[in-house]
Amino acid sequence: MELKPGSRWRSAVCSTEVVIVRPPSAPVSLECGGQPLIAFAAERVEGAAPATEHAAGTAAGKRYFDADSGLEVLASKAGDGSLSVGGKALARKDAKALPSSD
Amino acid sequence: MHTTLLLDMAADAIPDRLALGPRADGLTFHELRARARGGAAWLAERGGDTVAFLGLNGPVLPVALFASGLLAKPFAPLNYRLPDADLNRLLARTAPSVAIVDDDMIPRLKACAGVTVVAMTAFEAACLDPAHRETELAYAEPDIAVLLFTSGTTGEPKAAILRHGNLTSYVISTVEFLGSDEDEAALVSVPPYHIAGISALLTGVYGGRRIVHLEAFTPETWVEAAAAEAITHAMVVPTMLGTVLDILEARGLTLPALKVLSYGGGRMPGPVIERALRVLPHVDFVNAYGLTETSSTVAVLGPEDHRAAIASTDAAVRRRLGSVGRPLPALELEIRDPDGRLLGPNQSGEIYVRGEQVSGEYTHKKVVQDDGWFATNDGGWMDEAGYLFVEGRLDDVIVRGGENISPGEIEDVLRAHPGVADVAVLGLPDDHWGEQVAAAIVGKDGAPAAEELAAWVRARLRSTKTPEVWAFRDALPYNDTGKLLRRQLKAEMAGPTKPAAG
């Protein structure tokens, strides 16, 4: 999978959708619920579910990152599966709240 | 990342929450998206590579912005306050384009090759037409999101390019998705062709905060809208804040719903912000510094910074009320000397920024360096704690006998004089020194004498910074977004003026 900035992907096993914010420094396998993400235009298989060890959930509007590869994604839709790279869970980026300036 | 994804995310998560307009009959997030899709399908049939927009603030503005985004066509809001000749020249620069134009502004436009003019009402009708709303839109790869013509106070307006990636990077790194409570509402009074008008739409939508537009700013309508719509958040330029405070005090209003008032887009006079903190003690004040070329804010002075500064007896902390706060965590900011060398704390130089929100790009040239750094052309310095002080455009620096003199510092000193309502300091040609320091003064109840003001400045700054030429005026020339028209003032002052005695 070529995780280009701005490209959109969906989970094969739940409703999670992500957009790539920062690409990885080298190709990685980005998964949700333990299964590789599928192209945004692709259909998800009926009846699939996240693996129990990757079912912590993904929250819409949160950014997740992999410190090793530099990969950062934004979850554009929430789902039951959690994100991982090569089986290693992504960390949630908790941005410091900034005062509203607009 | 596509700016329309910001709207999609909000419309999926909170379809029924009000996104735009009054509490009584505003548009929901679902309806905003449906109209943007309808508008996009209709615009797609009209050709053109760019969507120009000429009109007042209102719910059509965000619909048109997102419709253009869906088509991946640059959205170019134009300044309707320009004289007709200038406006037509800008419009011609958008060709090939479709221009969405307020019906009553259409007569101002001349026919122009490559520009298809459509009436605002026709666009609005198309956004409601089920046939258009249900049209399947082909995916368009995002590139340029917005073209903004700079105010052109120093020459022909430049068209600044903001890409989808710049704007979305700014939004997702500064705003929490749906971080706003349902009762929050932002009053947007900066015009559509100002970067703050565009960024307010994107951050408002992503944060889930209702946006109320003021068609065009007057202090009276601003105060009335803020009260009627229980506005919680608003952004104003410095000239707006002073006039808003006048109305609030005259009418004895305090706007109890208002939580956060941010200001930016120019130098805020110290006396005005101190008065604002007094008149609106329940309000959090935020000073934001940014440029069109940086997708809006790059540094903020937050509410706690304001309170700490005003309460402090330490001069170094207190002066931070005149700073623009600290750089956003998602970007880098440096002060450099004219040779590009990095400067340390308290050393004045040019402000450079780097980050994904920084475009630094115009249609005629890219000014961002290969390593991503953008020279802002603003002078400034940082204190030891990283608070940024902006001195103003480097073009405005006065060079007198080889000494660089920043007008802002002298203006601040003069504005603190009780007899001065407004002031501008600039350089006028001088045979001996190259430039001499000149001050234009608007007095309060009869201006003080030039001698008195000169002594006031001399006592607080070096003698070389004391203006040698004084002009007393009823008002200073500003454009509608509160930027002082220095070039115009300079030209006027280069004529005969009354020299200071002694």
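In chain B, the C-alpha centres of domain 2 and domain 3 sit 24 Å apart. Keep in mind that this is a predicted model, where local features need pLDDT of at least 70, side-chain atom pairs count only at pLDDT 80 or more, and totals for chains, interfaces and linings use all residues. Residues are numbered from 1 along each chain as its sequence is written, chains are lettered from A in the order in which they are written, and side-chain values use heavy atoms, leaving out hydrogens and water.

**Domains**
- Chain B splits into domain 1 (3–7 + 15–163), domain 2 (292–395) and domain 3 (397–493), with bounds from an automatic or database domain assignment.

**Helix α9**
- In α9 (residues 219–228) of chain B, you'll find B:Pro219, B:Trp222, B:Val223, B:Ala225 and B:Ala226 buried (under 20% relative accessible area, 1.4 Å probe, protein chains only).
- These residues are on the same side of α9(B), because they cover an arc of only 165° around the axis (taken from the directions from the helix axis to the C-beta atoms).

**Meeting chain A**
- On chain B, 29 residues are in contact with 18 residues of chain A (heavy atoms within 4.5 Å).
- B:Met1, B:Leu5 and B:Ile172 supply 23% of the area that chain B buries against chain A, more than any other three residues (buried area is the accessible area, 1.4 Å probe, that two parts lose on being put together, summed over both).
- Three salt bridges link the two chains (a side-chain nitrogen of Lys or Arg within 4 Å of a carboxyl oxygen of Asp or Glu).
- A:Lys62 and B:Glu176 meet in a salt bridge at 3.5 Å, N to O.

Notes:
Buried < 20%, exposed > 50% of the residue type's maximum accessible area, 1.4 Å probe, protein only. Helix = DSSP H or I, 4+ residues; strand = E, 2+ residues; numbered from the N terminus.
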